[in-house]
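Here is a friendly briefing to read alongside the model. It starts with the whole chain and then walks through a few local features.

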Amino acid sequence: MLRGVPSSAFDLGTSIPSGYGSIPAPRTAAVDFGAVQETKGSSKSFPKHETRHLSEHKNIARCARFSPDGKFVATGSSDTSIKLFEVAKIKQMMLPDARDGPVRPVIRTFYDHLQPINDLDFHPQNTVLISGSKDNTIKFFDFSKMTAKRAFRVIQDTHNVRSVSFHPSGDFLLAGTDHPIPHLYDINTFQCYLSANAPEIDVNGAINQVRYSATGGMYVTASKDGTIRLWDGVTANCVRSIAGAHGTAEATSANFTKDQRFVLSSGKDSTVKLWEVGTGKLVKQYLGATHTQLRCQAVFNDTEEFVLSIDEPTNEIVIWDALTAEKVAKWPSNHIGAFRWLEHSPTEAAYVTCGTDRSIRFWKESL
């Protein structure tokens, strides 16, 4: 079941930028969704952004992830490759007077999977990127090494690995697969743990997304059966199931607010919802974006003042005020055909979109 290199091979003495993984202070305090219901008309306006075509994969661009310090962003494709971009170079490329010739923001490309890439994550402290793929593997890439194109270790799972998430300690990772229970791996021993008393989940319980909370005290899964499940990060017990969170439609994404009190989910019922972790209650709904086909993401911006998602028919990015749930902007995605993934920087006003048109676009607040 488990093969790979001994943990001594996990020596990451070298690192790219000095201070990788040091998280800058947030721009504003996190929003308190538990506060009194806001009234209409108090919505904030979402600042204008400029966008730039960054790169093309050879097939559909399926997923993207920023490093925790916001300095890097990685994208994965149906062409089985992974591209790693340096955000500082992207910004340099977007300057109107880039005099020194073309800047190349892609600093690494990895080729080691046999099937499309489903999800990516960065190690919280080390220069390591992991990828989950339809080839049933999780691969580890050390991006401090200039020439490495291949993974330096591999976890062989039994199922299609649809989603991956590192524990904040960096010692464990979660894999959400076609199997209904998240697979928890110790990355030093490759041991795989399953919940001892997992809930009975019917046949279509495949996990579309799994994400740890900020401290690793909990994790959340969004499943094809439409259920959002909350799991205890220590015991791996399922502590709450929100059945029919998106009606009979698939739940396609779920992630925690920074304070871990709420979970934002999206589903193929064209809704984005905010749930209270402690009670499982629905707190807010963000309506007016249609997503019924693709594995749509709904994400907060870095300050949690706004929610961003995808409108498939119009191929637009839809933005709501997170507190009032009022729609404040709709922007053309500039992709040809629907774009399928949206990922926001954790540290600044910037996000990326990944297209069925194979392209990656970077968006940042216009100065």
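In strand S8, Asp142 is the bridge partner of Val128. This is a predicted model, in which local features need pLDDT of at least 70 and side-chain atom pairs count only at pLDDT 80 or more, while totals for chains, interfaces and linings use all residues. Residues are numbered from 1 along each chain as its sequence is written, and side-chain values use heavy atoms, with hydrogens and water left out.

**The chain as a whole**

- The protein chain has one helix and 28 strands; helices (H or I, at least four residues) and strands (E, at least two) are DSSP runs, numbered from the N terminus.
- Of the 367 residues in the protein chain, 58% are buried, where buried means under 20% relative accessible area, exposed means over 50%, and partly exposed lies in between (1.4 Å probe, protein chains only).
- The accessible surface of the protein chain is about 14500 Å², and carbon and sulfur atoms account for 52% of that surface; the areas come from the Shrake-Rupley method with a 1.4 Å probe, and for residues only the protein chains shown count as cover.
- Among contacts (heavy atoms within 4.5 Å) with a separation of 6 or more, 54% link residues 24 or more positions apart.

**Confidence**

- The mean pLDDT of the protein chain is 82, with 83% of its residues at 70 or more; pLDDT is the predictor's confidence in each residue, from 0 to 100.
- Over residues 1-15 the pLDDT is below 50, and this stretch has 36 contacts in the model beyond near neighbours in sequence.

- All six of the six residues of S8 (residues 137-142) are buried, so the strand is largely enclosed by the rest of the structure.
- In a regular strand the side chains alternate between the two faces of the sheet.
- Both faces of S8 are covered, with Thr137, Lys139 and Phe141 buried on one side and Ile138, Phe140 and Asp142 buried on the other.
- Strand S7 (residues 128-133) pairs with S8 in the antiparallel sense over five bridges; two strands pair if DSSP finds at least two bridges between them.
- Three residues lie between the strands in the hairpin of S7 and S8, where Asn136 takes a positive phi near 70°.
- S8 also pairs with strand S9 (residues 153-156), again in the antiparallel sense, over four bridges.
- Within S9, Gln156 is the bridge partner of Thr137.
- Ser144 sits in the loop between S8 and S9 and counts as buried at 14% relative accessibility.
- The side chains of Ser144 and Asp142 are joined by a polar contact of 2.7 Å; a polar contact is a pair of N or O atoms within 3.5 Å, and within protein one must be able to donate a hydrogen and the other to accept it, with residues adjacent in sequence counting only if both atoms are side-chain atoms.

**Ser131 in S7**

- Ser131 belongs to strand S7 and is buried, at 0% relative accessibility.
- Beyond its neighbours within four places in sequence, Ser131 has contacts that include Ile82, His113, Asp119 and Leu120, as well as Thr137, Ile138, Lys139 and Phe141.
- Ser131 and Val164 are 33 residues apart in sequence, with their C-alpha atoms 7.1 Å apart in space.

**The S10-S13 sheet**

- Four strands make an open sheet with antiparallel pairing, in the order S10-S11-S12-S13.
- Strand S10 (161-166) and strand S13 (192-193) are at the edges with a single partner strand each, so one side of each has no neighbour in the sheet.
- S10 and strand S11 (residues 172-177) run antiparallel and are joined by five bridges, and Leu173 in S11 is the bridge partner of Phe166.

**Two loop residues**

- Thr303 lies in the loop between strand S22 (299-300) and strand S23 (306-311) and is buried, with a relative accessible area of 1%.
- The side chain of Thr303 makes polar contacts with the side chain of Asn301 at 3.0 Å and with that of Glu305 at 2.6 Å.
- Glu200, in the loop between S13 and strand S14 (207-212), is exposed, with a relative accessible area of 80%.
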